[in-house]
Amino acid sequence: MNESSPAPDIVHLQTVTKIYGSGETAVRAVDGANLSVPAGELVLILGPSGAGKTTLLSLIGGLLQPTTGTVRVAGRDLGQLSSAALADFRLRQIGFVFQFFQLFAALTACENVEVPMRLAGSSAQGARQQAEQLLIRFGLAKRLGHRPQDLSGGEKQRVALARALALHPPVIIADEPTGSLDSRNGEEVIRLLQQLVNDEQRTVLVASHDQRITQVATQLMYCEDGHLIELPRP
Amino acid sequence: MFLLARKNLLVHRSRFLLAMSGISSAVILVLLLMGLYDGWREHMSAYLNHVNTDVWIGQKGAYDLFQTVSFLPAEGEELLREADGVKKVVPFVGRLITVEIRRQKRHSFIVGVADADSGPVEIVHGSAALHDGEIVIDEVFARKERLTVGDSLIAKDKPLRIIGVARGGNCFLYQYGFVTLAQARQLFSMDGLVNYFLVQLASDVSVAEAVAQIEEISPLVSAFSKAQFTANTLSLTGDNFLPILRVLEVIGLLVGTIVIGLTVSTLTVERSAEYGVLKAVGAPNRTLYWTAIQQALICGLGGWLIGVPASWGVMAAAQYFVPQFPAVTYSHHALWMLGGTIVMSLLAAAFPIRRIAGIDPLLAFKG
């Protein structure tokens with residue numbers, strides 16, 4: 001990737017390999033993966049369980065360091081960042097959405113969304129106002145003070161999405177975001193992800209088995225045995 | 001992240017309350033021992049500080065009031081009185097004896113009072129105007145044995161009527177009682193003998209010089225300044241007994257540390273996935289460590305807030321049921337304990353911090 005390129009890819013993977021373990025028990029979770037994603041794309045990564053999709057997302061999200069190869073996201077070579085810089089990168093550049101929502105059980109919906117803002121140093125009042133606005137935008141105006149245990153699956157995932165967007169990160173990483181939702185709530189989450197790409201030019205990378213996402217994805221990738229292959233759009 | 005630290009702690013209220021009671025128990029134990037330590041020293045020295053003397057003179061080799069033996073001929077009083085720089089000499093006769101109360105044997109350190117200089121610290125009931133056949137007892141002894149003015153006790157087969165109850169004579173193991181000097185001599189069979197001489201010096205005489213001079217002139221006596229004699233009396237038991245209290249205090253602090261550490265560590269294990277999520281979404285390690293420290297401090301300071309007033313209650317109850325219990329309460333004990341609690345909390349946070357450091361952020365991807 002050329003630094004002076006006028007429109008650099010927001011995500012760029014070059015012959016990335018991730019090996020777990022060593023010797024005879026070594027596992028190549030990702031094997032020579034290449035990926036270029038311009039800003040404002042919705043990339044769907046398909047593939048069977050254990051194919052390396054989550055490892056790939058973890059590499060892009062700065063949660064793992066590649067064994068070999070280069071991962072560049074939002075202009076940063078993640079291999080060159082210290083662990084503190086990587087944490088800051090994840091906080092400000094990446095929004096994570098997980099299959100099992102991973103909300104903080106003791107906090108209300110609003111407080112959950114405030115977490116990244118408070119980590120970034122926002123004031124309590126500023127974080128509260130912004131969190132409320134995000135949740136209202138996602139149709140959760142009446143759920144601000146509810147704890148996760150009092151929310152439906154769809155509501156939980158919308159809170160998780162609001163949390164992912166709290167600091168306006170350019171890249172959203174979603175791991176099976178519809179995997180724990182019923183059909184109607186799944187469609188709602190897909191619509192919201194599409195909205196982020198179309199209306200806000202965010203880049204969304206989704207690992208999923210959900211075929212409905214293929215209809216809104218702008219780029220399709222297939223992952224199997226650690227290899228990443230680009231698929232033609234239907 | 002204080003909000004998350006606090007709310008996670010309070011998710012399981014019963015467990016939090018259990019942890020609070022464990023920590024506050026440790027705080028109570030340490031404060032009780034601190035109160036006992038200071039109280040013991042104060043009670044032990046109260047009478048010796050009250051005695052009006054500059055120099056204690058005893059038999060050569062005598063060192064303190066309770067543990068070493070001292071007998072001197074009573075005529076020494078005249079010799080001392082004639083010495084330069086001596087303002088007043090008071091004979092002191094005192095010994096630990098067994099007295100009989102309602103046919104029960106009890107111990108009391110009986111002092112023969114020559115005048116007010118060696119009398120009780122402060123009369124709280126009755127009178128201090130002693131005659132033969134009368135005794136002034138300590139208020140702790142009175143409460144312990146349910147005695148009051150007008151009652152009698154028996155010492156060496158002689159009945160002694162209680163004419164007064166005094167404060168400041170509780171030595172924990174036994175209490176002071178006061179009789180006339182003649183009565184004491186009779187009780188102890190010490191005709192012509194005293195245990196010590198209390199010497200008051202003229203105002204222009206240095207105590208240190210007087211002590212040195214007395215020992216030089218008479219090689220058969222030991223002389224001590226009042227402060228030194230008090231320190232000697234405290235040290236013989238204090239050197240052996242008080243360090244045990246210090247050991248127990250350290251054990252109390254350790255128990256508190258372990259309870260805090262267990263509480264926060266258990267919480268950390270339970271919330272491992274949440275810590276993984278926090279790591280994944282970009283919380284730096286120092287923030288996560290600070291979360292554990294905050295939780296430990298909440299536990300510790302909560303235990304301190306409950307433990308301090310509870311310790312006052314426990315001490316009051318202890319003194320009600322065990323009158324000779326010499327504990328005292330001081331605000332500086334509570335402040336010292338506050339420091340101790342903060343140290344306990346910080347040490348306890350080391351357990352969960354180690355665990356947090358090992359949590360994999362990829363846990364966030366798991367169910």
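Between which two elements of chain B is the loop found that holds B:R146? In this predicted model, B:R146 is found in the loop that runs between α4 (139–145) and β7 (152–155) of chain B.

Close-up 1. Although B:R146 is not a glycine, its phi is positive, at about 55 degrees. The residue belongs to the loop between α4 (139–145) and β7 (152–155) of chain B. B:R146 is exposed because 10 other C-beta atoms lie within 10 Å, and a residue counts as exposed at 12 or fewer.

Close-up 2. B:S189, which is not a glycine, has a positive phi of about 50 degrees. Its place is in the loop between α5 (181–188) and β10 (193–194) of chain B. With 8 other C-beta atoms within 10 Å, B:S189 is exposed.

**Close-up 3. The contact between chain A and chain B.** Chain A contributes 20 residues to the contact, and chain B contributes 20 residues. On the side of chain A that touches chain B, the elements giving two or more residues are α1 (53–60), α2 (83–93) and α3 (109–119) of chain A. The largest share of this side, five residues, is supplied by α2(A).

**Close-up 4. Residue classes on the side of chain A that touches chain B.** Of what classes are the residues on this side of chain A? Sorted by class, the side of chain A that touches chain B holds twelve nonpolar, five charged and three polar residues.

Technical notes
Residues numbered from 1 in each chain as written. Chains lettered and ligands numbered in written order. Predicted model: local features only at pLDDT ≥ 70, side-chain atom pairs only at ≥ 80, totals over all residues. Helix = DSSP H or I, 4+ residues; strand = E, 2+ residues; numbered from the N terminus. Buried ≥ 20, exposed ≤ 12 C-beta atoms within 10 Å, placed from the backbone. Contact = placed C-beta atoms within 7 Å. Nonpolar A, V, L, I, M, F, W, Y, C, P; charged D, E, K, R; others polar.
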